[in-house]
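Please look over the chains below.

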Amino acid sequence: MSLATNSRREFLKTGSLAMLAAVLAPHMVMAEEADVKAAIEKLYAGKSMASGKIKLDLPQIAENGLVVPVGIEIESPMTDGDYVKAVHIFADGNPLPGVISYKFTPDCGKASASARMRLARTQNIVAVAEMSNGSLFTAKQEVKVTIGGCGG
Amino acid sequence: MSDVKAPVPRVRVPANAKAGELIEIKTLISHVMESGQRRDSGGNVIPRHILNKFTAAFNGKTVFEAEWHPAISANPYQSFFYKAKESGEFVFKWTDDKGAVFEAKSKLTVA
Amino acid sequence: MISRREFLQATAAASAIVTAGGLGPLGRVAAQQKLSQAEILRFDPLGKLTIVHVTDIHAQLMPLYFREPDINLGVGDDRGRPPHLTGQAFRDYFKIASGSAEDYALTHSDFVALAKNYGRMGGMDRIATVINAIRSERGADNVLLLDGGDTWQGSWTTLQTKGQDMVDVMSALKVDAMTSHWEFTLGAERVKEIADKAPFAFLAQNIRSVEWQEPVFKARQTYERGGAKVAVIGQAFPRTPIANPRWMIADWEFGIRENELIKEVADARAEGADIVVLLSHNGFDVDRKLASRVKGIDVILTAHTHDAMPGVLKVGDAILVATGSHGKFVSRIDLDVRDKKVAGFRYKLLPIFSDAIAPDAAMKAMIEKIRAPYAQDLSRELARTESLLYRRGNFNGTYDDLICNAMLKERDAEIALSPGFRWGGTLVPGDAITFESLSNATAMTYPNCYRMEMSGKQLRDILEDVADNIFHPDPYFQGGGDMVRVGGMGYAIDVSKPVNQRISNMTLLKTGQPIDPARNYVVAGWASVNEGTQGPPIWEVVQKHLADVKTVRLEPNASVKVSGA
């Protein structure tokens with residue numbers, strides 16, 4: 001049960017407690033919030049957006065920054081005359097603002113989809129939904145990316 | 001970094017549904033989804049290589065599409081819903097940055 | 001052993017003299033009260049249904065000392081609200097007399113004197129006596145026994161048997177259902193193996209397979225007790241893959257999953273449940289928030305944060321119970337169920353004073369059998385302590401100071417980091433530090449004590465990140481235990497600030513110099529959540545240190561300056 005003498009001075013420069021590197025993707029140029037605005041502007045220049053109708057299904061805290069579930073559901077009857085046409089999801093703290101864009105049809109029956117994304121750090125997820133009548137809705141939610149440990 | 005293995009798609013679709021029933025379709029495909037943001041040990045940017053598009057068609061009609069950006073995780077998962085109307089076949093397609101298309105099919109019987 | 005009860009009663013009276021100086025007049029009166037099994041069990045029954053809750057036992061088969069925290073800050077909406085009360089504020093709120101048995105059990109005040117007076121608490125054989133007594137009073141068909149988890153971790157015997165000792169004990173107690181947190185540090189395969197075979201239900205609505213997002217465990221089970229259909233929904237610790245090694249449960253995804261919980265409650269009601277119980281390991285503040293958002297839950301049995309409250313808290317229609325930890329308490333709640341509603345309830349937090357409650361013979365024999373192969377190791381004396389050694393507190397614990405000192409010395413480090421775990425017993429001055437006591441504070445499946453270089457900036461990032469996991473004003477964004485314990489370095493913390501603005505004045509204590517963000521420091525620590533961490537198990541490091549120092553004397557730790565509370 002005694003300590004091996006050679007274990008006393010060895011250094012561990014990789015592996016253990018390289019907690020930061022484990023979740024924060026290295027060498028990334030951080031995108032600013034303006035990039036998301038610009039990306040939305042590019043799609044829907046000058047159009048007004050309302051809040052509501054969008055339910056984002058995101059963890060409060062990411063368990064693994066490389067695999068973060070991102071679910072979305074938009075309130076809509078999904079009929080030929082009234083349906084969700086497109087949904088765009090952005091992240092304001094990744095190198096690039098875009099995450100995913102969906103095109104729904106009335107055949108879907110429900111405007112809901114789920115995927116998994118990479119998040120480089122704690123940031124906001126922004127969703128914009130375009131309805132068949134051209135109206136736009138938006139929602140925003142923060143996801144915390146943490147180095148973890150120490151749970152008691 | 002090129003893919004050692006060809007992407008392998010997997011889908012989970014109910015085999016049977018009632019007319020008007022809402023079914024959830026779950027798909028997975030193996031792929032590194034190289035973001036174009038990483039550097040190799042020599043400091044060179046590893047070129048982007050991702051699956052950038054997923055489509056689902058039923059009896060030849062596109063019902064759902066997803067455009068994927070480099071933020072999408074490796075081995076991408078995509079789920080969505082479909083309202084069953086008639087018996088037929090789903091065709092799922094994944095397209096990569098080089099234009100290669102990978103496909104999976106699944107039959108649905110509507111009672 | 002025969003005269004244990006008499007012993008306590010004699011001690012309680014005699015020790016009023018022994019400890020009179022420390023207790024004051026009120027304490028003297030309180031200490032003279034008889035503390036008997038009958039008094040502890042006394043309960044004016046109500047309705048037909050009784051729910052018994054145990055939680056966060058941390059594999060403590062034997063009675064022990066456990067000092068409650070002297071600092072337990074609440075933030076945001078939870079600031080200054082129970083259970084975030086300590087010492088006098090706790091006594092004032094719950095109307096507890098200073099120096100009374102309840103004061104000893106529930107607060108840190110005058111702990112050394114009161115520990116001598118009231119003795120150790122817990123012990124699974126005493127808990128068995130209490131549970132058997134409740135079952136025989138109410139009728140076994142009317143009692144539901146629920147375990148909130150953190151049961152199969154925290155002792156040498158449970159580490160050696162991979163949780164089997166506690167599984168056997170809880171099976172013998174006829175636990176109906178449990179949920180989980182530290183159990184997952186046995187690895188996915190072992191947890192599945194136990195869950196599949198155990199006679200109790202292992203419930204967790206909030207775990208999904210990473211691959212296909214499918215439930216990994218049963219979410220809920222309905223029991224017919226006391227003439228009512230009681231649906232029990234399990235909620236495992238939502239932050240397990242963040243707070244503990246994710247690689248041990250790589251295929252599973254956790255989270256609070258409020259939407260799924262809402263669906264479970266609705267489904268339970270639709271299937272005819274009269275009442276719905278959430279057997280939760282969320283932690284108290286998360287459950288308080290959840291109770292305000294998820295309707296239709298009648299009782300939330302809280303866990304994780306180790307809070308013990310001698311009364312319940314109501315949030316809307318939900319009754320929140322906090323049963324404490326380490327087997328110190330058993331909660332009994334009687335429910336009068338009428339028309340699918342709780343028409344009335346009565347609650348008591350039963351303190352398990354080990355000298356007042358007779359051990360159950362069968363359980364006592366079982367525990368002896370479990371411990372026999374390890375008895376020699378457990379009783380081995382490593383050193384003696386002249387200081388009070390305890391764990392709890394948001395920022396420091398003297399047991400952690402001892403562990404940090406051991407790491408600094410034995411691993412030749414400038415700075416030591418020890419996780420803010422809430423488990424592990426207390427030793428009073430004069431006690432032997434046995435291997436059992438040390439393993440109660442360290443026994444876990446990722447104990448390696450690493451030694452590595454970290455920059456001042458990395459150290460700061462770690463402190464900020466851990467602090468945000470504890471002091472984020474929204475409990476849904478909290479994720480950890482207490483603050484990481486630091487040896488060799490001091491710092492100031494303003495808990496009211498947002499992330500990356502809480503920590504300041506980081507100082508290397510050896511030199512008094514500010515920590516340089518650009519410089520590398522030699523850091524020793526343990527319980528890293530990363531796979532493949534190298535180094536000796538922490539108990540070996542501390543044992544070596546104890547062999548050198550022989551007697552532990554700790555100076556008061558003033559290296560963390562707290563503000564904004």
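Met452(C) has Val523(C) of strand 23 of chain C as its bridge partner. Helices and strands here are DSSP runs, numbered from the N terminus: helices are H or I with at least four residues, strands are E with at least two. Strand 18 of chain C and strand 23 (residues 520-526) of chain C pair in the antiparallel sense, over seven bridges. Two strands pair if DSSP finds at least two bridges between them.

This is a predicted model, in which local features need pLDDT of at least 70, side-chain atom pairs count only at pLDDT 80 or more, and totals for chains, interfaces and linings use all residues. Residues are numbered from 1 along each chain as its sequence is written, while chains are lettered from A and ligands numbered from 1 in the order in which they are written.

**The sheet in chain C**

The strands belong to an open sheet of four, in the order 18-23-16-19 (chain C). Its pairing is mixed. Strand 18 (449-455) and strand 19 (482-487) of chain C are the edge strands, each pairing on one side only. On average, neighbouring strands of this sheet are turned by 30 degrees against each other, direction ignored.

Helix 18 (residues 456-471) of chain C lies across strand 16 (415-420), strand 18, strand 19 and strand 23 of chain C. The helix runs at about 150 degrees to strand 19 of chain C. Axes are lines fitted to C-alpha atoms, for helices over the stretch in contact, and angles run from 0 to 180 degrees between N-to-C directions.

Helix 16 (residues 398-410) of chain C has 13 residues. From first C-alpha to last it reaches 18 Å, close to the 18 Å expected at 1.5 Å a residue. The expected span is 1.5 Å times one less than the number of residues. Eleven of the 13 residues of helix 16 of chain C are buried, so the helix is largely enclosed by the rest of the structure. A residue is buried if 20 or more other C-beta atoms, placed from the backbone, lie within 10 Å of its own, exposed if 12 or fewer, and partly exposed in between. Among the buried residues of helix 16 of chain C are Tyr399(C), Leu402(C), Ile403(C) and Met407(C). Asp412(C) follows helix 16 of chain C and has a positive phi, near 50 degrees.

Helix 17 (residues 435-442) of chain C is also largely enclosed by the rest of the structure, because eight of its eight residues are buried. They run from Phe435(C) to Thr442(C) and include Leu438(C) and Asn440(C). The cover over these buried residues includes helix 8 (156-160), helix 15 (375-379), strand 15 (381-385), helix 16, strand 17 (432-434) and helix 19 of chain C.

Leu438(C), Ser439(C) and Thr442(C) of helix 17 of chain C meet Ile538(C), Trp539(C), Val542(C) and Gln543(C) of helix 19 of chain C. Residues are in contact if their C-beta atoms, placed from the backbone, lie within 7 Å.

**His58(C)**

His58(C) sits in the loop between strand 1 (49-54) and helix 4 (87-94) of chain C. It is buried, with 28 other C-beta atoms within 10 Å. Leaving aside neighbours within four places in sequence, His58(C) is in contact with Asp150(C), Gln153(C), Gly154(C), Ser325(C), His326(C) and Trp423(C).

**Chains A and B**

Chain A has two helices and nine strands. Of its 152 residues, 45% count as buried.

Chain B has zero helices and eight strands. Its C-alpha atoms fill a box of roughly 60 × 20 × 20 Å, taken along the principal axes. Of the 111 residues in chain B, 29% are buried.

Conventions
Contact = placed C-beta atoms within 7 Å.
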